[in-house]
Amino acid sequence: MALTRKENYGGQGGVFIQTLLLSRLFNGSIMLKHLLVLSLCVVKNMTYFIETKNHYQRLALEELLAHHRGYPYTCIIDVSSFCSIMEIISCVRRHHRASRFVFIGGTDIYSRALSPLISLESRLSVLESLDLICQGQGATYHETMDFLRSYRCMANYSRRDKITIYGMLISNTLMGAALEIGICPKLFYHRVDSLVKKLNMLSRLQAHQFFYREYPAEFVRSQLHDACVCA
């Protein structure tokens, strides 16, 4: 699970007490006091949640966002910190009251597959990311959930796509997959390349990794016959 930090607290007194207790807990370290005051500062009319495993990215964004007021409840999600679409869906559900979701993407397979959702690139500087966040980049809760569910339910794939994916999942090689579903290898390679392009992947291997992580073979097989029940 990605690390979460809430940037909104109920009042000056509460912030002072929490800071004081935590400072004493860490034996009064000057550096820790500085970080605690920075993390627990009061920001009126604004709440930011940052979901990421990148500790340095989180601290940098927290420091800069603490000085910006008047923005709606925003959830910032680093896609590369998650290992499945289901994990991302669960994260979004936890923040269902957010006015908008801002997704940070990198070079991992999930950032590539979910590229239409990505508002910020991880290669950007923190100041560049902050500027885009303050410009109102992002998607609503319903837009985000609709998009994620469509991938989770395989709604974006045609029947031919699903047959191709199923073949990739039940065989260790593309040649073997082609034989399993009864088509010539050249045609199968063409279909796989179409899926690579569709998912914005860099290679067949990346596409295979994505399918292997997301869709059990039996699940894909069931989608060839039954309507999907969304997560």
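Helices are DSSP runs of H or I with at least four residues, strands are runs of E with at least two, and both are numbered from the N terminus. Glu214, for one, has its place in helix H11.

This is a predicted model, in which local features need pLDDT of at least 70 and side-chain atom pairs count only at pLDDT 80 or more, while totals for chains, interfaces and linings use all residues. Residues are numbered from 1 along each chain as its sequence is written, and side-chain values use heavy atoms, with hydrogens and water left out.

**Figure 1. The whole protein has 12 helices and 5 strands.**
Of its 231 residues, 43% count as buried (under 20% relative accessible area; exposed is over 50%, partly exposed in between; 1.4 Å probe, protein chains only). The protein exposes about 12,400 Å², an area that comes from the Shrake-Rupley method with a 1.4 Å probe. Carbon and sulfur atoms supply 56% of that area. A contact means heavy atoms within 4.5 Å. Among contacts with a separation of 6 or more, 71% join residues 24 or more positions apart.

**Figure 2. Glu214 sits in helix H11.**
Glu214 is buried, at a relative accessible area of 2%. Its contacts, leaving aside neighbours within four places in sequence, are Ser84, Ile85, Tyr110 and Arg152. Ser84 is 130 residues away from Glu214 in sequence, yet the C-alpha atoms of the two are 6.4 Å apart.

**Figure 3. Ala207 is found in helix H11, residues 204-214.**
Ala207 counts as buried because its relative accessibility is 0%. Not counting residues up to four places away in sequence, Ala207 touches Val196 and Met201. Ile109 lies 98 residues from Ala207 in sequence, with 7.8 Å between their C-alpha atoms.

**Figure 4. Gln57 lies in helix H3, residues 55-65.**
Gln57 is buried, with a relative accessible area of 15%. Beyond its neighbours within four places in sequence, Gln57 is in contact with Thr52, Asp78 and Ile104. Between the C-alpha atoms of Gln57 and Ser125 there are 9.8 Å, and along the chain 68 residues.

**Figure 5. Helices H4 and H7 cross at roughly 160°.**
Two packed helices are described by the angle between their axes and the distance between the axes. Axes are lines fitted to C-alpha atoms, for helices over the stretch in contact, and angles run from 0 to 180 degrees between N-to-C directions. The axes of H4 (residues 85-94) and H7 (residues 141-152) come within 10 Å. H4 and H7 are therefore roughly antiparallel to each other (over 145 degrees; under 35 is roughly parallel, 65 to 115 roughly perpendicular and the rest oblique). Their crossing is left-handed, meaning that the near helix is turned anticlockwise from the far one by less than a right angle; clockwise would be right-handed. From H4 come Ile85, Met86, Ile88, Ile89, Val92 and Arg93; they meet Tyr141, Thr144, Met145, Leu148, Arg149, Tyr151 and Arg152 of H7. This contact of H4 with H7 divides into 9 nonpolar, 1 polar and 3 charged residues. Ala, Val, Leu, Ile, Met, Phe, Trp, Tyr, Cys and Pro count as nonpolar, Asp, Glu, Lys and Arg as charged, and the others, Gly among them, as polar.

**Figure 6. Helices H9 and H10 pack at about 105°.**
The axes of H9 (residues 174-181) and H10 (residues 185-198) are 9 Å apart. The angle makes H9 roughly perpendicular to H10. H9 brings Leu174, Met175, Ala177, Ala178 and Ile181 to the contact, and H10 brings Pro185, Phe188, Tyr189 and Val192. By class, the contact of H9 with H10 has 9 nonpolar, no polar and no charged residues.

**Figure 7. Helices H8 and H10 cross at roughly 105°.**
Their axes come within 10 Å. H8 and H10 are therefore roughly perpendicular to each other. Arg160, Asp161, Thr164, Ile165 and Met168 of H8 make the contact with Phe188, Arg191, Val192, Leu195 and Lys198 of H10. The contact of H8 with H10 has 5 nonpolar, 1 polar and 4 charged residues.

**Figure 8. Met154 has a positive phi of about 65°.**
Most residues other than glycine have a negative phi. Met154 is not a glycine. Met154 lies in the loop between H7 and helix H8 (159-170). Met154 is buried, at a relative accessible area of 0%.

**Figure 9. Asn200 has a positive phi of about 65°.**
Asn200 is not a glycine either. The loop between H10 and H11 holds Asn200. Asn200 is partly exposed, with a relative accessible area of 34%.
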